[in-house]
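Work through the exercises below with the sequence and the coordinates at hand. Each task is followed by a solution in steps.

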Amino acid sequence: MLTEHYELIESIALNLGLFILFILMGYAIHDVLSKNDVPKYGRYVAYGVLLLGAIGFVAKGVIQFFWHSSGVN
């Protein structure tokens, strides 16, 4: 059972790990920005960069899903 679904379990664990990493990076960025009294524009830029990185990983996952469902390996 485990050997049959090893690749699926590995991909779910990787995606979950990346999600947790982005949450922790968000907390770390929030902590640093609030302690150093950064202006709102700087906060928007920092959070925007983190958001763009997360969107990139989501887009990669969606593209992989469509490629695998259409038969492209």
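Buried means under 20% relative accessible area, exposed over 50%, and partly exposed in between (1.4 Å probe, protein chains only). The model is predicted, so local features need pLDDT of at least 70 and side-chain atom pairs count only at pLDDT 80 or more, while totals for chains, interfaces and linings use all residues. Residues are numbered from 1 along each chain as its sequence is written, and side-chain values use heavy atoms, with hydrogens and water left out.

**Exercise 1. How many aromatic pairs does a search of the whole structure find?**

Step 1. Rings of Phe, Tyr and Trp (its six-membered ring) pair if their centres lie within 6.5 Å; planes under 30 degrees apart count as stacked, over 60 as edge-to-face and the rest as tilted.
Step 2. The search finds 2 aromatic pairs.
Step 3. In one of them, the ring centres of F22 and F57 are 5.5 Å apart and the planes are at 65°, so the pair is edge-to-face.
Step 4. Because F22 lies in helix α1 and F57 in helix α2, this pair ties together parts that are 35 residues apart in sequence.
Step 5. F22 is buried, at 17% relative accessible area, whereas F57 is partly exposed at 40%.
Step 6. The rings of F65 and F66 are also an edge-to-face pair, because their centres are 5.7 Å apart and their planes are at 65°.
Step 7. F65 is exposed at 56% relative accessibility, and F66 is exposed at 51%.

**Exercise 2. Which side chains meet in a salt bridge?**

Step 1. The criterion is a side-chain nitrogen of Lys or Arg within 4 Å of a carboxyl oxygen of Asp or Glu.
Step 2. A search of the whole structure gives 1 salt bridge.
Step 3. It joins D31 and K35, at 3.6 Å from N to O.
Step 4. Both residues lie in helix α1, 4 residues apart, about one turn of the helix.
Step 5. D31 is partly exposed at 34% relative accessibility, and K35 is exposed at 64%.

**Exercise 3. Which residues make the nonpolar surface patch?**

Step 1. Patch residues have over 30% relative accessible area and no salt bridge; like charges are joined within 9 Å, and nonpolar side chains (Val, Leu, Ile, Met, Phe, Trp, Tyr) within 5 Å.
Step 2. Accessible areas come from the Shrake-Rupley method with a 1.4 Å probe, and for residues only the protein chains shown count as cover.
Step 3. V58, V62, I63, F65, F66, W67 and V72 make the patch, of about 730 Å².
Step 4. Of these, W67 lies in helix α2 and is exposed at 52% relative accessibility.

**Exercise 4. Where is D37 found, and is it buried or exposed?**

Step 1. D37 is in the loop between α1 (6-35) and α2 (40-70).
Step 2. D37 counts as exposed because its relative accessibility is 65%.
Step 3. Most residues other than glycine have a negative phi. The phi of D37 is positive, near 55°.

Conventions
Helix = DSSP H or I, 4+ residues; strand = E, 2+ residues; numbered from the N terminus.
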